[in-house]
Amino acid sequence: MAERTGRGNRGNPGKRVEGKSETFDEAYYGRYYGEKRTRVHGPEEVARLCSAVTSFLDWWQFPIDTALDVGAGVGLWRDWFKKHRPKTKYRSVEVSKYACEQYGHELRDITKWHDKESYDLVVCQGVLPYLDDEQCAKAIENLAAMSGGFLYLEAITKSDIEEVCDDAKTDIKVHGRTGAWYRKRLERHFTPVGCGLWAKHDAPVLFYELERA
């Protein structure tokens with residue numbers, strides 16, 4: 001979980017440091033998603049993010065026929081897609097057994113799994129910092145294998161934890177890696193185009209030079 005001043009980040013978990021999926025239980029989701037006083041964000045905040053991400057893809061004239069949400073948490077992205085993009089074939093997966101049972105996701109571990117299909121948009125928000133370096137590297141490879149167009153990625157870094165995150169609403173029991181660590185592995189497969197969006201190298205999209213981050 002991560003919240004910065006005035007803005008909440010989704011931060012759905014993959015796997016807690018030295019922990020298991022059962023760590024992300026009812027108490028966890030109650031604190032970071034249920035209680036207004038301690039939750040990172042609510043449906044309104046996520047709706048703005050969903051609108052922003054999909055609007056960028058619309059601007060680049062890239063259709064979103066399929067979407068995969070890795071670490072889907074309480075299902076706020078799913079709810080938005082159901083309401084605003086009902087024609088998109090949406091799939092949500094989680095490592096948390098509680099979240100899968102409560103919110104209807106598929107039980108999957110991104111460090112070990114990737115689908116044979118690719119998706120126009122892959123969402124991975126707040127998952128990677130919970131993984132150790134080896135797990136995280138494997139997760140990035142699996143995300144890339146399933147990305148047919150764009151990846152929306154949120155992963156707080158060591159600098160974010162120290163300088164940006166509100167620790168009253170942020171789960172900082174994560175691996176604080178540098179941004180350079182992530183970029184080195186992501187840029188093998190993706191081109192950064194800003195605001196957390198990464199375009200697959202072979203995606204049929206042309207970007208102006210200054211659109212590339």
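Q: Which residues of helix α7 are buried?
A: Buried means under 20% relative accessible area, exposed over 50%, and partly exposed in between, with a 1.4 Å probe and protein chains only. In helix α7 (residues 179-186), Trp181, Tyr182, Arg185 and Leu186 are buried. Seen down the axis of α7, these buried residues fall within an arc of 120°, so they line one face of the helix. The arc is taken from the directions from the helix axis to the C-beta atoms. On the other side of α7, Ala180 and Lys184 are exposed.

Q: What should I know about the model and its numbering?
A: This is a predicted model, where local features need pLDDT of at least 70, side-chain atom pairs count only at pLDDT 80 or more, and totals for chains, interfaces and linings use all residues. Residues are numbered from 1 along each chain as its sequence is written, and side-chain values use heavy atoms, with hydrogens and water left out.

Q: What covers the buried residues of α7?
A: Helices (H or I, at least four residues) and strands (E, at least two) are DSSP runs, numbered from the N terminus. The cover of α7 includes α5 (133-146), β7 (147-154), β8 (190-194) and β9 (197-200).

Q: How many residues does the largest nonpolar core have?
A: In soluble globular proteins, nonpolar side chains tend to be buried together. A nonpolar core is a set of buried Ala, Val, Leu, Ile, Met, Phe, Trp, Tyr and Cys residues joined through side-chain atoms within 4.5 Å. Here the largest one has 25 residues. Those with the most contacts inside it are Leu68, Ile110, Leu128, Leu151, Tyr182 and Leu186. At least two core residues come from each of β3 (66-70), β6 (119-125), α5, β7 and α7. The largest share, 6 residues, is from α5. A second, separate core of 24 residues includes Leu57, Phe150, Tyr152 and Val193.

Q: Which residues does Leu128 touch?
A: Contact means heavy atoms within 4.5 Å. Leaving out residues up to four places away in sequence, Leu128 touches Cys136, Ala139, Ile140, Leu143, Leu153, Ala155, Arg177 and Tyr182.

Q: In what order do the strands form the sheet?
A: Strands of a sheet pair through backbone hydrogen bonds, either parallel or antiparallel. Two strands count as paired if DSSP finds at least two bridges between them. In this model, 7 strands form an open sheet in the order β5-β4-β3-β6-β7-β9-β8, with mixed pairing. β5 (106-107) and β8 stand at the edges, each with a single partner strand, so one side of each lacks a neighbour in the sheet.

Q: In what sense does β6 pair with β3 and with β7?
A: β3 and β6 pair in the parallel sense over 4 bridges. Leu68 stands opposite Val122 in β6. β6 and β7 are also parallel, over 6 bridges. There, the bridge partner of Val122 is Leu151 in β7. As for burial, 7 of the 7 residues of β6 are buried.

Q: Where do the aromatic residues Trp60 and Phe150 lie in the chain?
A: A pair of aromatic rings is described by the distance of the centres and the angle of the planes. Rings of Phe, Tyr and Trp (its six-membered ring) pair if their centres lie within 6.5 Å; planes under 30 degrees apart count as stacked, over 60 as edge-to-face and the rest as tilted. A search of the whole structure finds 11 aromatic pairs. Trp60 and Phe150 form a stacked pair, 5.5 Å centre to centre with 0° between the planes. Trp60 is in the loop between α2 (43-59) and β3, while Phe150 is in strand β7, 90 residues apart. Both Trp60 and Phe150 are buried.
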